[in-house]
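The following exercises are to be worked from the coordinates. Each task is followed by a solution in steps.

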Amino acid sequence: MQPIISISNVSKTYASGFQALKDIDLEIRRGEIFALLGPNGAGKTTLISIVCGLVKASTGTVTADGHDIVRDYRAARSEIGLVPQELTTDAFETVWATVNLSRGLFGKPKDHAHVEKVLRDLSLWDKRNAKVMTLSGGMKRRLMIAKALSHEPRILFLDEPTAGVDVELRRDMWELVRSLRATGVTIILTTHYIEEAEEMADRVGVISKGELILVEEKAELMAKLGRKRLTLQLQSPIEAIPQALARHRLELAAEGTELVYTYDTQGERTGITALLTDLSDAGIRFRDLQTSQSSLEQIFVSLVSERRQ
């Protein structure tokens with residue numbers, strides 16, 4: 001199936017000489033939720049702005065649903081909805097007028113039924129006659145999404161969609177994103193909230209210093225780069241790890257009452273059998289053990305740290 005977004009050899013260097021993006025190649029699949037992770041200044045917003053036609057790339061090409069974003073700007077842009085980080089809208093307009101105006105800006109004919117559905121889906125219908133200035137921060141965030149959906153785009157960019165909202169609203173937003181994907185909308189989101197990508201994304205891209213470090217299926221990324229931790233709760237605390245156990249690279253935790261062993265889930269051998277044998281030989285007994293998988297956040301930090309070295 002043809003990708004809905006194709007980014008080829010895209011770079012961006014500003015007049016100051018700062019290179020924000022370096023040779024980005026990326027294809028977004030139709031109907032997926034794609035999460036773009038990266039620290040501040042990594043190039044996430046610049047990349048989104050280029051695809052949405054707000055910033056001009058220095059090199060490279062981008063197509064949206066088969067339309068070149070430069071040569072066929074109007075057709076490409078009509079396929080895209082953008083929810084920016086900043087909450088920018090006319091504070092003195094009503095919610096209803098704001099969303100209808102946004103639809104009209106894309107040359108779409110009036111469709112009050114569609115606007116009503118969007119507002120209801122976003123729990124904004126009861127606020128349709130309220131002025132924007134009276135809305136809470138969370139409601140304003142929902143309004144930005146309503147504006148982005150007003151012209152019925154097939155691609156939706158969410159740039160830090162839940163920044164500054166509370167946990168309950170964040171989870172409501174996640175449900176909204178899933179429901180949009182269920183209708184066939186392709187979602188691309190940037191986020192600092194690692195759990196957001198872990199919760200929702202089908203694929204994850206990691207960008208750092210303007211370079212796309214990695215793009216993987218989320219499950220494959222966690223399986224490939226994830227590590228497991230085996231925590232052994234000791235029967236009696238120890239002051240130091242015996243030299244005989246040095247090869248296992250254990251960590252002593254919980255004031256000497258726990259030993260933590262980290263191992264690669266993809267390795268041919270985990271080393272657990274040898275560890276347990278060596279523990280027994282060293283006279284160290286444990287009363288319980290448990291394993292835990294590395295989170296996507298730990299993987300992300302590890303990838304970015306390696307890139308900085």
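**Exercise 1.** Is Asn 100 buried or exposed?

*Solution.* The model is a predicted one. Asn 100 has a relative accessible area of 18%. Buried means under 20%, so Asn 100 is buried. Next, locate the residue: Asn 100 lies in helix 3. A polar atom of the Asn 100 side chain is 2.9 Å from the backbone oxygen of Trp 96. Once neighbours within four places in sequence are set aside, the contacts of Asn 100 are with His 112 and Val 115.

**Exercise 2.** Search the whole structure for aromatic pairs and classify each one.

*Solution.* The search gives 2 aromatic pairs.

Step 1. For Trp 96 and Trp 125, the ring centres are 6.0 Å apart and the planes stand at 75 degrees; this angle is over 60 degrees, so the pair is edge-to-face. The pair joins distant parts of the chain, 29 residues apart: Trp 96 belongs to helix 3 (residues 95-105), whereas Trp 125 is in the loop between helix 4 (112-121) and helix 5 (137-149). Trp 96 is partly exposed at 22% relative accessible area, while Trp 125, at 15%, counts as buried.

Step 2. For Tyr 261 and Tyr 263, the centres are 5.8 Å apart and the planes are at 20 degrees, so this pair is stacked. Tyr 261 is buried at 7% relative accessibility, and Tyr 263 is buried at 9%.

**Exercise 3.** Which residue lies over the face of Trp 125, and over which ring does the charged end of Lys 12 sit?

*Solution.* Arg 128 lies over the face of Trp 125, 4.0 Å from the ring centre. The charged end of Lys 12 is placed over the ring of Tyr 14, at 4.9 Å from its centre.

**Exercise 4.** How many residues does the largest nonpolar core have, and which residues have the most contacts inside it?

*Solution.* The largest nonpolar core has 40 residues, and Leu 119, Ile 145, Leu 156, Leu 158 and Ile 187 have the most contacts inside it. Beyond four places in sequence, Leu 119 is in contact with residues including Val 95, Trp 96, Trp 125, Arg 128 and Ala 146. A second, separate core has 27 residues, among them Ile 5, Val 10, Ile 28 and Leu 212. In soluble globular proteins, nonpolar side chains tend to be buried together.

**Exercise 5.** Describe the surroundings of Glu 196.

*Solution.* Glu 196 is in helix 7 (residues 194-200). At 1% relative accessibility, this residue counts as buried. Not counting residues up to four places away, Glu 196 touches Pro 161, Thr 162, Arg 170, Trp 174, Thr 191 and Ala 201. Glu 196 and Trp 174 are 22 residues apart in sequence, with their C-alpha atoms 7.8 Å apart in space.

How values were computed
Residues are numbered from 1 along each chain as its sequence is written. This is a predicted model: local features need pLDDT of at least 70, side-chain atom pairs count only at pLDDT 80 or more; totals for chains, interfaces and linings use all residues. Side-chain values use heavy atoms; hydrogens and water are left out. Rings of Phe, Tyr and Trp (its six-membered ring) pair if their centres lie within 6.5 Å; planes under 30 degrees apart count as stacked, over 60 as edge-to-face and the rest as tilted. Helices (H or I, at least four residues) and strands (E, at least two) are DSSP runs, numbered from the N terminus. Buried means under 20% relative accessible area, exposed over 50%, partly exposed in between (1.4 Å probe, protein chains only). A charge sits over a ring if NZ of Lys or CZ of Arg is within 6 Å of the ring centre and within 35 degrees of the ring normal. A polar contact is a pair of N or O atoms within 3.5 Å; within protein, one must be able to donate a hydrogen and the other to accept it, and residues adjacent in sequence count only if both atoms are side-chain atoms. Contact means heavy atoms within 4.5 Å. A nonpolar core is a set of buried Ala, Val, Leu, Ile, Met, Phe, Trp, Tyr and Cys residues joined through side-chain atoms within 4.5 Å.
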